[in-house]
Amino acid sequence: ERIVASGGPPAPTGPATADLGDLVVAPGFVDVHVHGGDGHQVNGTDPEAVHAAVLAVARAHAAHGTTALVAATVSDTIDALEASLAGVARAAASPPGGGAQVLGSHLEGPWLSPSRRGAHDPSLLAPPDGDTVRRLLAAAGGTLRLVTLAPELPGGLEAVRALTAAGVTVSVGHTDTDAEGARRAFAAGASHLTHCFNAMRPLLHRQPGPVGAALADDTVTIEVIADGVHVDPVVVGLLARLAGPRLVAVTDAAAACGLPEGRYHLGSLPVDVAGGAVRLAADNGTLAGSVLTMDGAVAGLVAAGVALGDALHAASTAPAAAVGAGRKGTLDAGADADLVLLGPDLRARATVARGRVAHDADGLLEGVLEAAPPAR
């Protein structure tokens, strides 16, 4: 389950070695913002059903190099969110079972700005309060990894402090705050920015907004959805230069990821998939997650001019650090044995999660590593 050694002289060949030719061997991808895939989504009202759905999502994304993920909810009733977080906690306690390891949950909503809600149901939005924060922390049972909130809401900064005190990474997102408001949130303990440029004030030369505040703060990691839809590739390249090693590639993938174009749901809201984009059925101008995968995100970064090593860092090392998953995102000795093998087109050819083969369509690792057992 761990990497014993890396680097140094070539190991002796034998039955337990594989010559991978010109494939790239990289740390397994860590997706800290994934709502679903292969027809399944994280939100639900029954913890057992959520548990099963999240494991199915983890299997779907493992085929694209993801070896660890943080399962993201969208805004819902507090009762439903408690059920979803409890289900994710059960998935986090389960063996990977042929999929990515579930690290915990990412609560995206309901503490979001109504004016920057994106595809979140406005009837479900609310400002944070101490009782709700405590309820959701309790439901997650120590597996709440990341929370996106709008810090300008009443009680927003108090929630930032309470959540960070509980060991949760807090992200500024779906926010109408200005740069000063974002700086106050970062001073209170927030350390992440959710899908940069999307669902927030824009970066202007006299009004830098949360983007400018995050770029100016070396403690803040910054998400980007590099699917060519959410952010123009030219801007992705500029963001990568400015953020450097703080850039975090995410998918924001919805349940429709991996499925044909058509009508699906994000939470309770109908969405349409067409032309590589997911949009609200009731408002075709509003993006509603994506159908991006993590190997596609790496390819998108490289197409935007980001060096391959930097793109791989954004897909593995940076997100692992952002959510405190210290044994992920590296090939160093002692790290979890999470690997992705990439072809020249940067698509995942094989995925190894905790030393077991989770995806290997071409049989590259047959006879070298054991296949992961099926999910239970």
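Biologist: How far apart are the end C-alpha atoms of residues 24-344?

Modeller: In this predicted model, the stretch 24-344 is 33% helix and 23% strand. UniProt, in an unreviewed entry, places the feature "domain: Amidohydrolase-related" at these positions. The end C-alpha atoms of the stretch are separated by 8 Å.

Biologist: In which strand of the chain is confidence lowest?

Modeller: The chain has a mean pLDDT of 96, and 99% of its residues reach 70 or more. Confidence is highest in strand E11 (residues 247-249), at 99. At the other end of the range, with a mean of 94, is strand E15 (residues 283-287).

Biologist: Is Ala16 buried or exposed?

Modeller: Ala16 sits in the segment before strand E1 (24-27). Its relative accessibility is 57%, and the cut-off is over 50%. Ala16 therefore counts as exposed.

Biologist: What distance separates the C-alpha atoms of Ala16 and Val368?

Modeller: Along the chain, Ala16 and Val368 are 352 residues apart.

Biologist: How many residues has the largest nonpolar core?

Modeller: Trp111, Leu163, Ile222 and Leu301 have the most contacts inside this core. Leaving out residues up to four places away in sequence, Leu301 touches Val224, Ala226, Val236, Leu247, Ala249, Val306, Ala311 and Ala314. Another core lies apart from the largest one, with Val42, Ala71, Val102 and Cys257 among its 15 residues. The count for the largest nonpolar core is 74 residues.

How values were computed: Residues numbered from 1 in each chain as written. Predicted model: local features only at pLDDT ≥ 70, side-chain atom pairs only at ≥ 80, totals over all residues. Heavy atoms only, no water. pLDDT = per-residue confidence, 0-100. Helix = DSSP H or I, 4+ residues; strand = E, 2+ residues; numbered from the N terminus. Buried < 20%, exposed > 50% of the residue type's maximum accessible area, 1.4 Å probe, protein only. Core = buried A, V, L, I, M, F, W, Y, C linked by side-chain atoms within 4.5 Å. Contact = heavy atoms within 4.5 Å. UniProt positions renumbered as here; feature names shortened; annotations may be inferred.
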